[in-house]
Amino acid sequence: MQHLGTQGFHPSHLDSHHHIHTIRWMLPVVLGLQRRHAIRKLRNTMNVYGLGGDGGKGNGTPSLRLRTAKSAWRLASRLGGSRLPQVFTGLHIFLADPSRAEFLSAASIELMCHPGQGGFETETTRLLDPSRPLLDGRYRLRTYNDLLA
């Protein structure tokens, strides 16, 4: 297999459909791909959840067992050389209270959103509303390329 860079393709990070890269037994595969293609950055697993229910979006606080497994995955990823955003959460959770301590203390926050997807019309409308900026002066839009190497 050729290095992706030799093909003119330079991904900023690894990610997967439906977050399958965060399944525990997939981690050796993910870390191997990272090494083979020199991609140090990796999408985190959700670690900040909505307050008072999930609003039908599947983002309610998971069980202690699942939160522990997610923490173990994050630690193993970092020990394997991965660089992850400190916080990963849904856009609707962030916008509900951007002043939450988890957000204010984070060096990096990834906001998951689904613009244009059915069931996320409110999110899409909010993203497209020029009269309501998503971020105030406390936050700046960045890319995975901006994460420390």
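**Close-up views of a predicted model**

View 1. Not counting residues up to four places away in sequence, E110 touches R43, P85, V87, F88, T89 and Y144, where touching, or contact, means heavy atoms within 4.5 Å. This is a predicted model, in which local features need pLDDT of at least 70 and side-chain atom pairs count only at pLDDT 80 or more, while totals for chains, interfaces and linings use all residues. Residues are numbered from 1 along each chain as its sequence is written, and side-chain values use heavy atoms, with hydrogens and water left out. E110 is buried, with a relative accessible area of 11%; buried means under 20% relative accessible area, exposed over 50%, and partly exposed in between (1.4 Å probe, protein chains only). The side chains of E110 and R43 are joined by a polar contact of 2.2 Å. Such a contact is a pair of N or O atoms within 3.5 Å; within protein, one must be able to donate a hydrogen and the other to accept it, and residues adjacent in sequence count only if both atoms are side-chain atoms.

**View 2. Y144, in the segment after α5.** Move along from E110 to one of its contacts, Y144. With a relative accessible area of 10%, Y144 is buried. Neighbours within four places in sequence aside, Y144 has contacts with S12, H13, K41, L42, R43, N44, P85 and E110. In space, Y144 and R83 are 9.6 Å apart, C-alpha to C-alpha, and in sequence they are 61 residues apart.

**View 3. The aromatic cluster of F94, F103 and Y139.** Rings of Phe, Tyr and Trp (its six-membered ring) pair if their centres lie within 6.5 Å; planes under 30 degrees apart count as stacked, over 60 as edge-to-face and the rest as tilted. The count by this rule is two aromatic pairs. One of them joins F94 and F103 edge-to-face, at 5.0 Å centre to centre with 65° between the planes. F94 and Y139 also form an edge-to-face pair, at 5.1 Å centre to centre and with 80° between the planes. That pair links distant parts of the chain, with F94 in helix α3 and Y139 in the segment after α5, 45 residues apart. F94 is buried at a relative accessible area of 2%, and Y139 is buried at 13%. F103 is buried as well.

**View 4. The largest nonpolar core, eight residues in all.** The members to pick out are L14, L27, V30, L31, I39, L42, W73 and L84. Helix α1 (residues 27-37) supplies the largest share of this core, three residues. Apart from it lies another core of seven residues, including V87, F94, F103 and Y139. A nonpolar core here is a set of buried Ala, Val, Leu, Ile, Met, Phe, Trp, Tyr and Cys residues joined through side-chain atoms within 4.5 Å. L14 is in contact with V30, L33, Q34, I39, K41, L42 and R43, leaving aside its neighbours within four places in sequence.

**View 5. The two faces of helix α1.** Which residues of α1 are buried? They are L27, V30, L31, Q34 and H37. Because these residues cover an arc of only 145° around the axis, they lie on the same side of α1; the arc is that of the directions from the helix axis to the C-beta atoms. On the face turned away from the buried side, α1 carries the exposed residues P28 and R35. The cover over the buried residues of α1 includes α2 (64-79). A38, which follows α1, has a positive phi, near 55°.

**View 6. Helix α5 (residues 121-128) and its buried residues E123, T124 and R126.** Their arc around the axis is only 165°, which puts them on the same side of α5. Exposed residues T122, T125 and L128 sit on the face turned away from the buried side. Among what covers the buried residues of α5 are α3 (91-96) and β2 (109-112).

**View 7. The protein chain as a whole, with five helices and two strands.** From the N terminus on, the elements run α-α-β-α-α-β-α; helices (H or I, at least four residues) and strands (E, at least two) are DSSP runs, numbered from the N terminus. Of the 149 residues, 33% are buried.
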